[in-house]
Amino acid sequence: MDMERGYEKLYDLKGHGGSLIYGLIRNGDERLVKIGESYATILDLGVIVPPNEVEKYRLEGLFIWYFESHTSLNEEEITLINKITQEELDVYF
């Protein structure tokens, strides 16, 4: 993983088929990822990936977020929000 990146913003979103988007962030337990009026699922990679893989790929402290829809997500605004303060931390169009 590129540890030079802070993973504090919505960098390098990925998608599949126009209805699945995902990305990596830090502090996922303190964040919300809002897509339009819905919210993404956020998972701690340290919990779902074997410890040796976490170390090998330098995934410590990273969370993956993802959202899947039955319709195209091409026009949806994606917002990273602080769960506690509700402050918008980043927006992706």
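**Confidence and salt bridges in a predicted model**

In this predicted protein model, the mean confidence is lowest in strand β1 (residues 14-16), at 85, and highest in strand β5 (residues 41-44), at 97. Confidence is given as pLDDT, the predictor's score for each residue, from 0 to 100. Strands (E, at least two residues) are DSSP runs, numbered from the N terminus. Residues are numbered from 1 along each chain as its sequence is written, and side-chain values use heavy atoms, without hydrogens and water. Local features need a pLDDT of at least 70 and side-chain atom pairs count only at 80 or more, while totals for chains, interfaces and linings use all residues.

**Confidence**

- The protein has an average pLDDT of 89, and 94% of the residues score at least 70.
- Where pLDDT is low, the predicted coordinates should not be read in detail.

**Salt bridges**

- Two salt bridges are found in the whole structure; the term denotes a side-chain nitrogen of Lys or Arg within 4 Å of a carboxyl oxygen of Asp or Glu.
- One of them joins the side chains of Arg-31 and Glu-8, at 3.9 Å from N to O.
- Arg-31 belongs to strand β3 (residues 31-35) and Glu-8 to the segment before β1, so this pair ties together parts that are 23 residues apart in sequence.
- The side chains of Glu-37 and Lys-34 also form a salt bridge, at 4.0 Å from N to O.

**Exposure of the paired residues**

- Arg-31 is buried, with a relative accessible area of 10% (buried means under 20%, exposed over 50%, and partly exposed in between, with a 1.4 Å probe and protein chains only).
- Glu-37 is exposed, at 72%, whereas Lys-34 is partly exposed, at 21%.

How values were computed. Helix = DSSP H or I, 4+ residues; strand = E, 2+ residues; numbered from the N terminus.
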